[in-house]
Amino acid sequence: MTENNIRIVVSGPRGKMGREAVHMITRTDHFQLVGAIDHKYDGKLLSDLEEFPDVDVPIFTDSDLCFSSTKPDVLVDFTNPEAGMRLAASALNNGIRPVIGTSGFTEESVHHFQKIAEEKRIGMIIAPNFAIGAVLLMKFSQMAARYFPDVEIIEQHHDKKLDAPSGTAIKTAEMIRTVRGEKQQGHPSEKELLTGARGAELSGMRIHSVRLPGLIAHQQVIFGGEGELLSLRHDSMNRSSFMTGVRLAVETVMTLDTLVYGLENILE
Ligand code: NAP
């Protein structure tokens, strides 16, 4: 199978991310959307739904039937952890490469799928963050931390976000920790006059979470050194910011025979 004309099924096509994925796939010359998996609208076409007037591909509620009828190369999943895990297992069983954007896959489930993918020699990608800029920000931060061990992370999100700090901020701090190790920052005798003033702490690094309407997803990593500051920043303006990463993952998964976790591991 070459990169030309990769046949793709999307699960969760009516969702915020699934909808973007459908549009990205139909606009990409070497991709072909051949089906969709939903838990509603079995037997209908995507073009029967208001969101996709021009997309004439069938909707299935039964994933095995979808895979045997449409013969895709890749499943792109943006649903929820329970459906995502079930659909990933079904895809691997049918010899189809899963690209999983759904977040909330546990470490245990990632190991489970890694074992199956290796046994079957089928590529699979699970990426909790498909924004290439966010992934590069993490990598550049890891690179900078070798020279600047004093670092504070400020992440900013819309006020509908339930978790704080963001998964990306935690992952950034964890990646920095691999080169920086433990280091307490600030004055050794500093005191918070208001609880939380210095933010959350991971190995001595401070992480600050801002929540406001009007924000989408933003992160700044500030490094301090002798007489200099280095700031790295990424801003996601809308959900299309994730689609370059999804496109890259679909292309890359065709070349893999095991599971890769995290987009950073497929970027050069
Ligand atoms: P969403 O708008 O709620 O979309 C989820 C879609 O999945 C809905 O249309 C839902 O249908 C459908 N669904 C539920 N159960 C299903 C099943 N069994 N089979 C097929 N479809 C099913 O959520 P979203 O914002 O698109 O996010 C989806 C996932 O992607 C979440 O886990 C989110 O955290 C993750 N995400 C990942 C990234 C990344 O970069 N990797 C970025 C943003 C979000 P109903 O509405 O009818 O239930």
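Are F78 and F130 buried or exposed? Both F78 and F130 are buried, and the points below place this pair within the rest of the model, which is a predicted one.

1. **Aromatic pairs.** A search of the whole structure finds three aromatic pairs. In one of them, the rings of F78 and F130 have centres 6.0 Å apart and planes at 65°, so this pair is edge-to-face. Because F78 sits in the loop between β4 (74–77) and α3 while F130 sits in the loop between β6 (124–126) and α5 (132–145), the pair ties together parts that are 52 residues apart in sequence. The rings of F105 and F113 also have centres 6.0 Å apart, but their planes are at 35°, so that pair is described as tilted. F105 is buried, with a relative accessible area of 8%, and F113 is buried as well, with a value of 3%. In general, a pair of aromatic rings is described by the distance of the centres together with the angle of the planes.

2. An oxygen atom of the ligand is 3.1 Å from an N or O atom in the side chain of K40, whereas a nitrogen atom of the ligand is 3.3 Å from an N or O atom in the side chain of N80. Taken alone, the ligand exposes 930 Å², of which the protein buries 75%.

3. **The sheet.** Seven strands form an open sheet with parallel pairing, in the order β3-β2-β1-β4-β5-β6-β12. The edges are taken by β3 (59–60) and β12 (259–261), each of which has a single partner strand, so one side of each is left without a neighbour in the sheet. Strands β1 and β4 pair in the parallel sense over four bridges, and V10 has V76 in β4 as its bridge partner. I6 belongs to strand β1 (residues 6–11) and is buried, with a relative accessible area of 0%. From C-alpha to C-alpha, I6 and D29 are 9.6 Å apart in space, although 23 residues separate them in sequence.

4. **Helix α7.** In helix α7 (residues 243–253), eight of the 11 residues are buried, so the helix is largely enclosed by the rest of the structure. Among these buried residues are M243, V246, E251 and T252.

5. **Backbone features worth a look.** Most residues other than glycine have a negative phi, and most peptide bonds are trans. A cis peptide bond, with omega of about -5°, joins A164 and P165, and P165 lies in the loop between β7 (150–157) and α6 (167–180). Y41 is not a glycine, yet it has a positive phi of about 65°; Y41 is found in the loop between β2 (31–37) and β3 and, at 36% relative accessibility, counts as partly exposed. S203, also not a glycine, has a positive phi of about 50°. The loop that holds S203 runs between β8 (200–202) and β9 (205–211), and S203 is buried, with a relative accessible area of 8%.

Notes
Residues are numbered from 1 along each chain as its sequence is written. This is a predicted model: local features need pLDDT of at least 70, side-chain atom pairs count only at pLDDT 80 or more; totals for chains, interfaces and linings use all residues. Side-chain values use heavy atoms; hydrogens and water are left out. A polar contact is a pair of N or O atoms within 3.5 Å; within protein, one must be able to donate a hydrogen and the other to accept it, and residues adjacent in sequence count only if both atoms are side-chain atoms. Accessible areas come from the Shrake-Rupley method with a 1.4 Å probe; for residues, only the protein chains shown count as cover. Rings of Phe, Tyr and Trp (its six-membered ring) pair if their centres lie within 6.5 Å; planes under 30 degrees apart count as stacked, over 60 as edge-to-face and the rest as tilted. Helices (H or I, at least four residues) and strands (E, at least two) are DSSP runs, numbered from the N terminus. Buried means under 20% relative accessible area, exposed over 50%, partly exposed in between (1.4 Å probe, protein chains only). Two strands pair if DSSP finds at least two bridges between them.
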